[in-house]
Each structure stands twice: as C-alpha cells, then as structure tokens.
Amino acid sequence: MRGKPINGKAIFVLCLASFLAGSLFTSRVSIYPPDNKDQPVPAIPNLAALKHDCDQKRKLVEGSSRDILDEVRETHEAVRSLDKTISTLEMELALARTTQNGGSLGRATNHSLQKAFVVIGINTAFSSKNRRDSVRQTWMPRGAKLKQLEKDKGVIIRFVIGHSATPGGVLDKAIDAEDAENNDFLRLKHVEGYHQLSTKTRLYFSTAISIWDADFYVKVDDDVHLNLGTLLSRLLQYRSRPRIYMGCMKSGPVLSQKGVRYHEPEFWKFGEEGNKYFRHATGQLYAISKDLAAYISVNSPILHRYANEDVSIGAWFIGLEVEHVDDRSMCCGTPPDCEWKAQAGNMCVASFDWSCSGICKSVERMKEVHNTCGEGDGAVWNVPLP
C-alpha cells in the first residue's frame with residue numbers, strides 16, 4: 001500500500017523553514033576567530049631562559065641525590081659503629097659475669113685499664129735473643145721512643161714469653177735481666193714449648209686484654225719485618241667494624257702423615273684424606289679486634305687447641321659472625337718482592353720468606369730487609385689517630 005503524496009505547498013514551507021534555521025545558526029557560531037586587535041598575542045618563550053631553568057632544576061635534583069646518598073652512607077657508618085659498640089658491650093658483660101662467678105681472668109674494669117689503639121705481641125722464645133735484638137735495631141722503637149709511642153699513638157709493643165719448666169732457673173733469669181734493660185716483655189703464666197703455641201697464643205690474648213683496653217690485638221713472630229705506620233693505617237680502616245679477623249688468609253692441606261712438619265694429629269676431623277683446612281690467617285702475623293680478644297678470654301677453658309696455632313685461631317672464629325679480612329700486604333716476600341711493591345707505592349705491612357715461615361737467617365738479614373723495604377722511621381708518627 002503506497003502513502004499519500006505530499007503537496008507542493010508543504011514542500012515549499014519545509015524548505016523555507018530549513019533555510020531560516022540554518023541562517024540563524026551560522027550567525028551565532030562562526031568558524032573564524034574574532035577580530036580583536038586589542039587582545040595581546042602570547043610571546044614566544046625565550047629558549048635560553050628555558051634551558052637555564054632546566055639546568056638549575058637538574059642541578060637541584062642531582063644535589064638532592066648526592067645529599068641522600070651521603071645521608072645513607074652516614075647512616076650505614078653509624079649503624080656499623082653501633083654494631084661494634086653492642087658487640088664490645090656484650091663481651092664486656094660476659095667478662096664481668098665470668099669474673100663475678102669466680103673466673104680467674106684477673107681483668108680489671110675498663111676504667112682502670114690503660115687505653116690503647118693496638119697491642120702488638122711479638123712471639124719469641126728463650127733461645128731467640130739475637131732475633132729480638134735484630135727487631136729492636138730495626139722496626140721496633142726502644143727505650144724512650146717506645147714509651148712515647150705508647151703515650152702519643154696508643155701503640156703497645158711487647159715480646160711475649162712464658163717461663164721455663166724450672167721457674168727461676170737460668171733461662172728465666174736471663175729474660176729477667178733482658179727485661180730490666182729494655183722493659184719490653186709481656187710475661188705469661190705458661191711453660192714455653194713449640195708444641196704449646198696454641199695455648200701460648202690463647203693466653204697472650206687473654207692476658208693482653210686484662211691489661212690494655214685496645215681496639216686491636218696483633219700477634220707477630222720475631223723473625224718477621226713489620227712496617228708499623230702501614231699496619232696502623234690498615235687497622236684504622238676497620239676501627240668502626242665489629243669482630244675483625246685480619247691477615248693473609250690461606251687454606252693449606254691437612255697433613256696426616258706422622259713425622260712431617262705441621263702434622264695434624266686430629267686430621268680425621270677435617271674429612272677425607274687430602275682435604276684442606278678452612279680459611280684462616282697465616283700465623284706469622286694477624287690482628288683481631290677487641291671483641292674477639294674478649295671472646296677468647298671469656299671462653300678460654302673450652303677453646304679447642306689444634307697442633308698448629310694458626311689453625312686453632314681460625315677454628316675459634318669459623319662459627320662466629322666474624323669478618324675475615326684477607327690483606328695480602330701482611331705477607332709480602334723479602335726483597336725483591338717487598339722492594340718492587342714499595343717502589344710501586346704499595347708499601348707492605350709485613351715481609352718474610354714463606355720457605356722459612358719467617359725471614360730466612362733473620363738475625364743477619366733483618367737490617368737488609370728494613371733498609372730496602374722499610375717505610376722510614378717517621379712513618380708511624382705521621383699516622384693520624386683520632
């Protein structure tokens with residue numbers, strides 16, 4: 001069915017209405033912007049000023065980043081220092097409890113102990129007088145200078161020795177006379193003997209911490225050349241850290257065969273034949289912080305002693321939260337090794353011959369090593385100790 005057609009008049013009216021509506025709309029909305037000559041035109045920004053502003057903002061951001069990093073670093077140092085303080089206080093508390101409970105440590109309170117930065121114990125024997133003299137004539141100050149070093153720098157140096165199997169005998173009297181002349185011995189309640197080095201070392205640390213309140217305690221052999229100033233500089237880097245065990249870390253074979261040097265009677269504890277020891281500092285020279293020396297003193301009765309002293313020390317620390325610092329400058333060779341390193345600006349802390357576990361023929365060669373590889377007598381006095 002088709003619709004009814006629209007007449008012409010209706011079409012005309014519809015077209016006219018559409019035309020009027022379109023005219024009205026276009027008169028109100030124009031596609032052209034108004035022509036207003038009084039309105040200011042926005043200025044084009046100055047590119048140089050914009051660049052300067054961006055540079056300033058970038059510098060501010062970078063400066064803020066550096067400040068934040070500095071704050072983080074300072075916070076980290078403060079936390080580490082606090083950790084060391086807590087560790088030291090814990091050891092002091094343990095020492096106090098041990099003494100209060102009838103322990104025989106003989107330790108005075110911190111207020112009555114002599115303050116020091118480092119105590120250096122030189123392990124020696126009755127037969128080693130010539131070695132001791134070679135040390136006194138080279139890297140170890142004597143007499144008034146030794147006392148001044150203690151007073152000005154807090155550096156205590158002593159030859160460490162016990163007594164003979166016959167107390168008051170010829171050997172002990174000889175040491176008494178030498179000590180009266182030089183005043184540089186620390187006497188231990190210990191019977192001297194090569195196979196008792198672990199016991200002697202344990203007693204050294206326990207005795208030293210009962211006399212001196214130091215940041216570090218060092219053990220060195222009497223046939224090793226030492227640069228005191230370089231040693232102090234190394235120790236200063238770790239002064240704020242707790243539980244420091246520093247030396248030339250090694251891991252030698254466990255020797256099960258009887259009759260050989262460094263034989264380990266308890267080799268079976270280290271696993272199968274051919275195994276190596278855990279990492280530990282070589283025995284010629286090593287340093288430990290005060291909290292570890294206190295740990296040895298507190299636990300002395302139950303610390304197991306192996307045949308080799310350096311293994312014993314390493315065993316006492318292997319299960320603790322200890323920072324092992326492997327410093328290869330503490331085990332340089334004798335000339336030309338230490339000489340080349342000194343010429344390159346890498347001064348050695350200590351020099352010795354591995355083949356002799358010390359300087360070979362040290363009595364004759366200590367002065368040669370000192371003249372070639374020594375840091376100079378004034379170096380130790382120039383180390384700034386806070």
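Let me begin with a term: a nonpolar core is a set of buried Ala, Val, Leu, Ile, Met, Phe, Trp, Tyr and Cys residues joined through side-chain atoms within 4.5 Å. Buried means under 20% relative accessible area, exposed over 50%, and partly exposed in between, with a 1.4 Å probe and protein chains only.

The model is predicted: local features need pLDDT of at least 70, side-chain atom pairs count only at pLDDT 80 or more, and totals for chains, interfaces and linings use all residues. Residues are numbered from 1 along each chain as its sequence is written, and side-chain values use heavy atoms, with hydrogens and water left out.

The largest nonpolar core has 42 residues, and those touching the most other members are Val-118, Ile-120, Trp-139, Ile-157, Leu-226 and Leu-235. Among the elements that each supply at least two residues of this core are strand E1 (114–123), strand E2 (155–163), strand E4 (212–221), strand E6 (244–250), strand E7 (280–289) and helix H11 (362–373). Helices (H or I, at least four residues) and strands (E, at least two) are DSSP runs, numbered from the N terminus. Apart from this core lies another, of 28 residues, including Val-160 and Ile-288.

Which residues does Trp-139 touch, leaving aside those up to four places away in sequence? They are Ile-122, Val-220, Val-224, His-225, Leu-226, Leu-228, Met-366 and His-370, where contact means heavy atoms within 4.5 Å.

I turn now to the sheet. Seven strands form an open sheet with mixed pairing, in the order E3-E2-E1-E4-E7-E6-E8; two strands pair if DSSP finds at least two bridges between them. Its edge strands, E3 (185–191) and E8 (323–326), each pair on one side only.

Consider E1, in which eight of 10 residues are buried. E1 runs parallel to E4, joined by nine bridges, and Asn-123 stands opposite Asp-221 in E4. Six bridges join E1 to E2, also in parallel, and Val-118 has Val-155 of E2 as its bridge partner. E4 and E7, by contrast, are antiparallel over five bridges, with Val-220 partnered by Leu-285 in E7.

Finally, two helices lie across strands of the sheet. Axes are lines fitted to C-alpha atoms, for helices over the stretch in contact, and angles run from 0 to 180 degrees between N-to-C directions. Helix H9 (residues 309–317) lies across E4, E6, E7 and E8, at about 40° to E7.
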